[in-house]
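Q: Can you walk me through this one? I have the sequence and the coordinates open.

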Amino acid sequence: MNSVNETASKVIAVLDTLGISRAHLVAWASADWGGLVARHANRFATLTLAFPAMRLGTPDVIGLPTLSFASDQGNGPVNTRRLMERAPQAKTVIFEGYHAPLWNDLIADNARRIEKETRAHLASHPIPVVSLAAGPGRVGDIHYTVEGAGVEGAGPPVVLMPIGLVPSQWGPVRESLARDYCVISLGGAPLGMVATLEARAQSGYGAIIHRLIDEAAPAADSKMLEVGCGHGPLVRPLAARRAAGPPITGIDINAYLLDEGRALAQAQGLAKAIDFRYANAHALPFADDSFDVVFCSTVMEEGHADRMLAEMARVIRPGGRVVVAVRAVDMPWWVNLEEDAAIRRTLNELAPKTSSGAGPDGCADASLYRRVMQAGFEHVRMRLQLAVYAGDARALEVRERLLAMLQGDELERAAAAIANAEKAGSFFIAEPFHAAIGHTATGVQPGH
Ligand SMILES: C[S@@+](CC[C@H](N)C(=O)[O-])C[C@H]1O[C@@H](n2cnc3c(N)ncnc32)[C@H](O)[C@@H]1O
């Protein structure tokens, strides 16, 4: 994983390659824009933040003219508070009553207002136009697409960074902005949700999910499916370990993540080992009994959990297995701080609130076990898991998320206790997941 400064240098290298001296910056994750704003502010005229995740890399002072879109639900108020502490002049447009989990189509849902406000913000800080050839390109592990710039082929440059798990990303406003601006959309492993999910999969979370899949014991030639594979942070290591067998299928409804997954698989020599497909977990495009093993991790929070389980049960052959896991927002975490038990308790209780919870029909709690049985799976092994994050990129990110929830004296005490635990080498964070392994019925009676 890149530090925020490395990420910033990579983005600057893209601007240098394209000959852009100054641009507007439109972003989501602080790990993407923090280093740019802190160290390269002279390269940007404005900052626009969409439902920002103010976490790793949020600079102490945001000096750029800033516009932010925010929800007043969930973590929206926390992120807005944190933004306003650092950029008191920022204009914040609040979408009242709009729940904004990262998997919603946040831009599409609010496209008109987002476009109008963004245009007004950009127009009030004019910058020189550039004239660039439309099309894709790559600098190191960041890829970009240049679009638009009006009929004359020239416009002020706007850099768009990836946004969460949002299925259509900036699509709904990008095309329209490209009529008047030169729009440069960035992607690649160091940015956005790809970086976040990759860091999680390379940490204790990946370890528990791979152990669960091993426990389900797929044979070397098993037909396997991952439901909601994202950019493939779980399926790529699994495919890399398999010496033989058919390609593992990974489906998702996010075309941006699937494209990133294909590119990473190609770069790792795994293009033939994984079949990434655009498909919806609510209506899997596979015949009954198509797979031996299906796994699905931290996806059922986002959609209709029971429908997803029913679909998984349908496509698994008799006697096949399912492995499912969801975030456990009904449980405290363990933030290992020996010196301050009160702060530890506070953080353990607050931690489940740092993630988006579940949608109205989703599952992020212990109802998982009942649901798996109700979907018809047998011999269900219930496997409550703790993913341990220590001394890695995931630990850093979660630490920032936790600290963002606190203020004043509590924040100071927590930061001091964490710094001391890190110095002593005893700091870790454990995140709980509900997980289950189930078997589909064989139709054979025991003893026959
Ligand atoms: C938090 S990510 C997890 C990705 C991967 N399973 C992992 O554990 O790293 C959730 C993924 O589920 C996908 N997803 C959500 N609802 C879906 C649906 N109805 N059908 C297919 N994929 C879905 C999202 O697009 C996203 O890529």
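**Contacts, sheet and domains**

A: This is a predicted model. Leaving aside residues within four places in sequence, V158 is in contact with A23, H24, V26, L122, L177, Y181 and V183.

Q: Which strand is V158 in?
A: V158 sits in strand β7, residues 157–160.

Q: Buried or exposed, that V158?
A: V158 is buried, because 28 other C-beta atoms lie within 10 Å, and the cut-off for buried is 20 or more.

Q: And how far is V158 from F69?
A: Their C-alpha atoms are separated by 17 Å, and the two residues are 89 residues apart along the chain.

Q: OK, the sheet. What is the strand order?
A: The order is β4-β3-β2-β1-β7-β8-β6-β5, an open sheet of eight strands with mixed pairing. The edge strands are β4 (91–95) and β5 (135–139), each of which pairs on one side only.

Q: How much are neighbouring strands turned against each other?
A: By 20 degrees on average, with direction ignored.

Q: How do β1 and β2 run, and how many bridges join them?
A: Strand β1 (residues 23–29) and strand β2 (residues 44–53) run parallel and are joined by six bridges.

Q: Which strands does helix α3 lie across?
A: Helix α3, residues 76–86, lies across β2, β3 (66–71) and β4. Relative to β3, the helix runs at about 160 degrees.

Q: Switching topic. What are the domains?
A: The domain assignment of the protein chain gives domain 1 as 4–186 and domain 2 as 195–439. Their C-alpha centres lie 28 Å apart.

Q: How many residues make the contact?
A: Domain 1 puts in 14 residues and domain 2 puts in 13 residues. On the side of domain 1 that touches domain 2, 10 residues are nonpolar, two are polar and two are charged.

Q: What about the largest nonpolar core, which residues touch the most other members?
A: V294 and V324 do, out of the 136 residues in that core. Strand β2 gives the most to this core, with seven residues.

Q: Why does the core lie between the domains?
A: Because domain 1 (4–186) and domain 2 (195–439) both give residues to this core. As a general point, nonpolar side chains in soluble globular proteins tend to be buried together.

Q: What does V294 touch?
A: Not counting residues up to four places away in sequence, V294 touches L225, V227, M312, V315, I316 and V322.

Q: Why does D289 count as partly exposed?
A: Because D289 has 15 C-beta neighbours inside 10 Å, and partly exposed covers what falls between the limits of 12 or fewer for exposed and 20 or more for buried.

Q: And T298, what is its phi?
A: T298 is not a glycine either, and its phi is positive at about 50 degrees. T298 is in the loop between β12 and α11 (305–315).

Q: Is T298 buried or exposed?
A: T298 is buried, with 20 other C-beta atoms within 10 Å.

Conventions:
Residues numbered from 1 in each chain as written. Predicted model: local features only at pLDDT ≥ 70, side-chain atom pairs only at ≥ 80, totals over all residues. Pairing = 2+ DSSP bridges. Helix = DSSP H or I, 4+ residues; strand = E, 2+ residues; numbered from the N terminus. Axes fitted to C-alpha atoms, helices over the stretch in contact; angles between N-to-C directions. Contact = placed C-beta atoms within 7 Å. Domains from an automatic or database assignment. Nonpolar A, V, L, I, M, F, W, Y, C, P; charged D, E, K, R; others polar. Core = buried A, V, L, I, M, F, W, Y, C linked by C-beta atoms within 7 Å.
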